[in-house]
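I set out to record, entry by entry, what I looked up in this structure. The notes begin with a term that the later entries require.

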Amino acid sequence: MRQEERKRYVVSLFSGVLLAALFLWGAVAQAHPPKNITVAYDAGTATLIVTIEHSVKDVEKHYIDEIRILKGGAELAQGKPSRQTDTEQEIFTVNLPGLKSGDILTVDAKCNIFGTLRKDVPI
């Protein structure tokens, strides 16, 4: 390979790698983990409402895709949404009889693109 061809090859290779890196960086820059998790429990109906703050532009492409509710390390409930409730949050409602005031739940929320938030929340 002549020196001129070698230079063109190196420049082309470098350009391709740079473009790929910029594309991947742009995709990851728009992805982010959930921001906050809050819960509300209605003992009368045994309904737990989990609100996960996660701002997105498109609820079909960027959303919370896994939610796990644990108590003392044991899984009580799991959700696998295929889209987000709205552009600001995911709301997950589940029937969990037997919870009482003072119980501590661990909630895991995972973004389908990047990031997870785990938070201990009191009832």
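Entry 1, pairing of strands. I first noted the term: two strands pair if DSSP finds at least two bridges between them. The model I examined is predicted. With the term in hand, I looked up β3 and strand β4 (residues 74–79), which pair in the antiparallel sense over five bridges. Within this pairing, I69 has A77 in β4 as its bridge partner. I then turned to the hairpin of β3 and β4 and found two residues between the strands. In that hairpin, G72 takes a positive phi near 60°.

Entry 2, the other partner of β3. I recorded that β3 also pairs with β6, in the antiparallel sense and over six bridges. Here R68 has D108 in β6 as its bridge partner.

I asked how many helices and strands the protein has. I found one helix and seven strands, and along the sequence they follow the pattern α-β-β-β-β-β-β-β. The protein has 123 residues, of which 32% count as buried. Its accessible surface comes to about 8,000 Å², and 58% of this belongs to carbon and sulfur atoms. Among contacts with a separation of 6 or more, I noted that 55% are accounted for by residues 24 or more positions apart.

Which residues have the most contacts inside the largest nonpolar core? They are L48, V50 and I69, in a core of 19 residues. I noted that β1, β2, β3 (64–71), β5 (89–95), β6 (104–111) and β7 (116–122) each supply at least two residues of this core. For I69, I set aside the neighbours within four places in sequence and listed its contacts, which include L48, V50, F92, L105 and V107.

Is H54 buried or exposed? H54 lies in the loop between β2 and β3. H54 counts as buried because its relative accessibility is 1%, and the cut-off for buried is under 20%. Leaving aside neighbours within four places in sequence, H54 is in contact with residues including H32, P33, Y63, Q84 and C111.

I looked up A46 in the loop between β1 (36–42) and β2 (47–53). Its phi is near 55°, a positive value in a residue other than glycine. A46 has 10% relative accessibility and therefore counts as buried.

How values were computed:
Residues numbered from 1 in each chain as written. Predicted model: local features only at pLDDT ≥ 70, side-chain atom pairs only at ≥ 80, totals over all residues. Heavy atoms only, no water. Helix = DSSP H or I, 4+ residues; strand = E, 2+ residues; numbered from the N terminus. Buried < 20%, exposed > 50% of the residue type's maximum accessible area, 1.4 Å probe, protein only. Contact = heavy atoms within 4.5 Å. Areas by Shrake-Rupley, 256 points an atom, 1.4 Å probe, with all protein chains shown as cover. Core = buried A, V, L, I, M, F, W, Y, C linked by side-chain atoms within 4.5 Å.
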